[in-house]
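Trainee: I have a model open and would like to learn how to read it. Where do we start?

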Amino acid sequence: MTSPTTAPPATHLISRPPPALAAGLLLVILVVAFESSAVGTVMPRIAADLGGLQLYGWASSAFMLASLLGAMLTGLLTDRRGVAWGAAFSLALFGLGLLVLGLAASMPVVIAGRLIEGVGVGGLNALPFVVISAAYRDEAKARMLAAVSSMWLVPGLVGPLLASVLTAQFSWRAVPWSLVGLLVLAAPLCLHPLRSLPPLATGGSQKRILWPTLGLMVAFTALIEGLRRPDALGIPVALAGLMGLGLSARPLFPRGLWSLRPGLPASLALRGFAAFALMGQGSFVTLSLREVHHLPLAVVGLSISVGGLSWTLGAWLQAHLEKTFGPASRPARIRYGLLGITGGLLLTGLGMTGALPYPVIFLGGLIAGIGMGTAYNSNSLHAMSLVPPAQAGQLSSQLANIEVLMVALSAGISGALVTRIHPLEQALTYVVIMNLVASLIPWVAARRLAHR
């Protein structure tokens, strides 16, 4: 699934993949998308009810970071038993995490539930990449990527509204409980078509990345906790975590990632820093709407809806441009998309901090989302073109892991800023500045995408 050592050989390409295979992939993403939009909407309410604003950043970081471990564990199971078994493992943990979240009586228990959820979602998120790379031919990959992105459309539009209604009528706990019911209904439909999929792996083991992955989680925890600590131990703990993060990440990604080496390293860095800037800021947009502008949950959730809709529009736009102008247009699409991300983040940031009226947040989210959908998928297609089909599994792992790592890092640092800096408006100002700077790094990476 998301294994750096799993390599689906070219002979596993399917001449005409069955429609049920595509339906199963898309249904997986649909369930995950509903969780993201619904839980993201009510998370500020959860933190307020449980008195856990100081741990707010960890609710996102724990979820994202655990998905790294989940991707590896699911990949191990997939190598040994097949894609359907790996997906079943991920779906089961996803459901267990939702149950824990629904029963949580304190913010630490909320974080524990998000950890369990993250392990499950880590495997589910990487499933489309490995199957699309290995089972679909080039002419169908762009359409499938756009279809995957479109699965966020309905949950993004409906999920926040349903979450706000459930919370108003019952409690925020009704949100994870309802998602458990949806998962029970959807799981068999997700799993059945995957049983017919040919083996994708060559039998390579992922055991060699077990310790680096666990080390990455420990180092990340040290870094974020060091940043949160106000005492003298904060700085050395954070520095130790930063060093450990760099060392443990080395086996997971190609050399030259952080120096933006031309080729695949630059493509992965572009993806990672774009995710850091836009996706990492997302949960703090909802926090700003709730705590700074004091808006109801229905309006707070609208920011998630706008993001999902605009990302889908951008994804379909890039698919149309890919079909019309071909692969040669990818570099231009990436550059224009990155411009939209930075411009949209600037507008969103001005609204988050109260410098401009809150409707600017939605305008900025619309612009940034279209830019992200265009640049993100164009960059994914470019990355796929840089590796042979036999390395599709390794690439799928790297695409998923760099996104997860950077989003968790952004959310963790932002959470530390919210904890240590008061008032909230000032902390959010630093969050916005950090993400704006991060959004400029992909501009440099975009100039180094081609091999030299």
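Mentor: Start with the word contact, which means heavy atoms within 4.5 Å. Keep in mind that this is a predicted model.

Trainee: Which residues does Thr419 touch, not counting residues up to four places away in sequence?

Mentor: With those neighbours set aside, Thr419 touches Gln54 and Arg228. Thr419 itself is found in helix α14, which covers residues 392-420.

Trainee: Does Thr419 count as buried or exposed?

Mentor: A residue is buried when its relative accessible area is under 20%. Thr419 has 12% relative accessibility, so Thr419 counts as buried.

Trainee: What does Gln398 touch, not counting residues up to four places away in sequence?

Mentor: Gln398 is also found in helix α14. Gln398 touches Leu252, Phe253, Pro254, Leu264 and Leu268, with residues up to four places away left out. Its relative accessibility is 4%, and therefore Gln398 counts as buried.

Trainee: How many residues apart in sequence are Gln398 and Ala126?

Mentor: They are 272 residues apart in sequence, while in space their C-alpha atoms are 9.7 Å apart. For the chain, take the contacts with a separation of 6 or more: residues 24 or more positions apart account for 84% of them.

Trainee: How are two packed helices described?

Mentor: One gives the angle between their axes and the distance between the axes. Here, take helix α11 (residues 297-325) and helix α13 (residues 359-385): they pack at an angle of about 40°, and their axes are 7 Å apart. That angle makes α11 oblique to α13. The crossing of α11 and α13 is right-handed.

Trainee: Which residues make the contact of α11 and α13?

Mentor: On the α11 side they include Val299, Leu302, Val306, Trp311 and Gln318. On the α13 side, Phe362, Gly365, Ile370, Met372 and Tyr376 are among them.

Trainee: How do the residues of that contact divide into nonpolar, polar and charged?

Mentor: The contact of α11 with α13 has 13 nonpolar residues, 10 polar and one charged. When you count for yourself, remember that Gly is put with the polar group. Gly314 of α11 and Gly369 of α13 are among the residues that make this contact.

Technical notes
Residues numbered from 1 in each chain as written. Predicted model: local features only at pLDDT ≥ 70, side-chain atom pairs only at ≥ 80, totals over all residues. Heavy atoms only, no water. Axes fitted to C-alpha atoms, helices over the stretch in contact; angles between N-to-C directions. Helix = DSSP H or I, 4+ residues; strand = E, 2+ residues; numbered from the N terminus. Parallel < 35°, antiparallel > 145°, perpendicular 65-115°, else oblique. Left-handed = near helix turned anticlockwise from the far one by under 90°. Buried < 20%, exposed > 50% of the residue type's maximum accessible area, 1.4 Å probe, protein only.
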